[in-house]
Amino acid sequence: MHERWSLRARFAMFFALIAAAVPLVIGIALWLAATRMEDNPVPPLVLFGGAASFALIGIIAWVAQLFDTHVARPIVTVSRDLQTLMHANPEHEIHENEARYLGVLGPTVRQASEAMRQLRSDIDAKVEEATRSLERQRQRLETVLRDLNEGVVVCNLDHQVLLYNQRALQALYFGGDLGLGRSIFTVVNRPPFLNTLERLRNRFTSGRYKNHPDHLMAPIVFATPDGRYVLQGKMSLIVDEREKEPQSYTLTFSDATKQIASLATRDRLLHDALEEFRRPLANLRATAELLNQSSKMPEDTRKEFARITAEESKELSNRLTSLTEDYHSIATSLWPMSDVNSANLLSCLARRYRDHPVLRCDVSGEPRYLHCDSNTIIELMDRLIRGILEESGAQTYTLEASKGDKRRYLDITWSGDPIPASTLDSWLNEQIENGAGNMTGYDVLEHHRSDAWSERVEDGRSRLRIPMPDPVTEHTKQQSGAPPIRLEFYDFDLLPRLGDSGDLATRRLRDLTYVVFDTETTGLEPSNGDEMISIAGVRIVNGRVLTGESFDKLIDPGRTIPKASTLVHGISDEMVAGQPPVQDVLPRFRDYIGESVLVAHNAAFDLRFIELKEKQTGVKLDNPVLDTVLLSAIVHDHTDQHTLDAVAERFSIEIPEETRHTALGDSLATAHVFLKMVDLLEANGITTLAEALAASEKLVQIRRRQAEY
Amino acid sequence: MNERADRKTVLVVDDESNIRMALQFLMEEQGYAVRCASDGEEAVEEIKKSPPDVVLLDVKMPKRSGYEVCQAVRSDPNLDQVRILVLSALCQHVAIEKATAMGADGYLTKPFSTADVVEKVRSLAAWSQQHHA
């Protein structure tokens, strides 16, 4: 128990013992003196003895106070400074002035800290030098992964994500939230993975993989949990050479939803055509042959057969029209196409003529998304522009993606006459240079279900127009449904299986997954109608703040935001108008945090807002919660300054002014503060979640008792 | 439209003789004076020689396509009154838009109903008469 007393408390106890001893010693001494004296000396002895005792106790209390100020408190401050310097902030300054009465201790500690700082700096420089080349290689790998056209995900054998690339994020975004350390099954359906993985593991265990043409790889088709998106690719088992057993698996895949849907529709159309055309065709053939062959047919029968012929012909025509419309309504052909921004496409084409002696191309109009194979379209347009130059002699062209009533077009406009249809026809029948295969211009147009023509427009100008398919997905300037660009997308330290690490409470603080969150509100009184207007969170996985996997949502509070409050967080009524209400946002936030430990600065405030909305949103957060205000009071007990700004300053964490008091900005600052605190907590012997929660709870009880006085 | 008050002329242009014969019969039955051409080049000659009121025009033909015939007619100011109804097996919406851009006044997809052809020709001939007068 004595080890748990602070240094200052122990010193105070020493002085208290001395003070307690004073009346005792004086009392005994005077009693012994009184027994040897003949008169009645008790009253004067009690009087003077009592006075001397009080005087001595007063002097001891005064000395104890001086000792606390000059010795005990400076020792605690210097110790905390040293802890901060060693574990959290190498730049932290020692409060030498505080230690001015400690003799050589202050200067010695300062010298020691400077020596340590220098040593650390030397080590850092060497580590930095050694890792620089590794970093370059890592960046190359990241670039390759990021730009790969296929989705890539690496998981450990507990199906926790160790790596993913941008394409994987885009493809799986609508299934759920793909994130490091999270189960892949939050974004895809489970059975295909388990089956394929089991096949591969069996192949490995039996040794069959050595002679297998696919080695440790197998094709896989899987879907998002709601079944809306179908993906196909390959799964490969990764075997650790040292441990000689599978450690993880890689998944490469592409979105096959549209191809599979198109193929299914085509199959159905073909089936329908075969089945539905058979009956009217049979009737038509029979009646036509009878009309043609039978010369003795009665007039009534001939008329009836003629009626049947007309009827079945009409039926056949109607079915053909319907079939053709269905066929053309299939959104995409099997030719690989993607949504392309016209500004990029046309600029790329225009750049080809920068060094041309006469030909000039300007890109004009508003950029639009088109669904096309950009490579073959550029080659086709290049052929057409060179043709027009030869045919009309026009040297300046305007390239534009325009939008008509029905569809989008690529237009090439010039001053002069339209191109004769026969000439255009001959160009389009030529093979396209640099295109894939031996495609003609008409082949390219056919892949895009398109055609091309030339027509006159105003001011003596003409244009060549190519209709283009609409983009498959809706693109807006700020695509709210699109996944954000993420900066962190792999963490191989997650490779050891976290599932084996036992109960959450007994796990080390630095091994846990956290969501650090913050809210912005209309005011400070949730019970009196104040509402949340913004909620944000960032994940900490394996001791890293994953800024790319953040959650950041504005909320329509359904009431006005006081101007004083807008001045703090910068969120106005206009900004929240049209944003989702709290009953939409909080369930998504709950999905985002999953099983993580929650962290917030003054968590009770934010949690109260969420708790009051429980009936409305159905969201009840049972996750363990750590409060950085309480943790700061534990690791920095020499001060009562525990605001986010004060704590961040002690750890030399800069909070950009523009993000301070935004939910995401404060979440990020709190996350970085929290990571520093984990180091200091460990230095104070608090290493597990259970210990951190117990220490916080103890502090809360102490504060509560203090408040009672 | 069996009365023959004004003998409007219709030029049927198609390289398939069966449909040419059928359309000729249909148009004559409706009281039109009918001429025929079996390819684009012959069509342009026929139109320039004596401009018809309405041209029933196929698209895919030897020598000159239906689009070329459209362009040739629309580039000649003397042929402004000629109305062109394209009858084509191409049923994409893009094909209809292209024919319109080339100068066609109407478009019917093969296979078509004879009633629809009669109706379209009647309205185009009426337009031709109003603007020619």
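## Mixed sheet of chain A

In chain A, an open sheet of 5 strands has the order β7-β9-β10-β12-β11, with mixed pairing; strands are DSSP runs (E, at least two residues), numbered from the N terminus, and two of them pair if DSSP finds at least two bridges between them. Its edge strands are β7 (360-364) and β11 (453-456) of chain A, each of which pairs on one side only. On average, neighbouring strands of this sheet are turned by 25° against each other, direction ignored.

The structure is a predicted model, in which local features need pLDDT of at least 70 and side-chain atom pairs count only at pLDDT 80 or more, while totals for chains, interfaces and linings use all residues. Residues are numbered from 1 along each chain as its sequence is written, and chains are lettered from A and ligands numbered from 1 in the order in which they are written.

Within β9(A), Thr398(A) stands opposite Asp362(A).

Helix α8 (residues 342-351) of chain A lies across β7 and β9 of chain A and runs at about 170° to β7(A). Helices are DSSP runs (H or I, at least four residues); axes are lines fitted to C-alpha atoms, for helices over the stretch in contact, and angles run from 0 to 180 degrees between N-to-C directions.

The axes of α8(A) and helix α9 (residues 374-392) of chain A come within 10 Å and cross at roughly 45°. The contact involves Leu345(A), Cys348(A) and Leu349(A) of α8(A), together with Ser374(A), Ile377(A), Ile378(A), Met381(A) and Asp382(A) of α9(A); two residues are in contact if their C-beta atoms, placed from the backbone, lie within 7 Å.

## Antiparallel sheet of chain A

Another open sheet has 5 strands in the order β2-β1-β5-β4-β3 (chain A), with antiparallel pairing. The edge strands here are β2 (161-164) and β3 (217-223) of chain A, each pairing on one side only. From one strand to the next, the twist averages 25°.

Strand β4 (residues 230-240) of chain A is joined to β3(A) by 7 bridges, and the two run antiparallel. Val230(A) in β4(A) stands opposite Ala223(A). Helix α5 (residues 191-206) of chain A lies across β3, β4 and β5 (245-255) of chain A, running at about 170° to β3(A).
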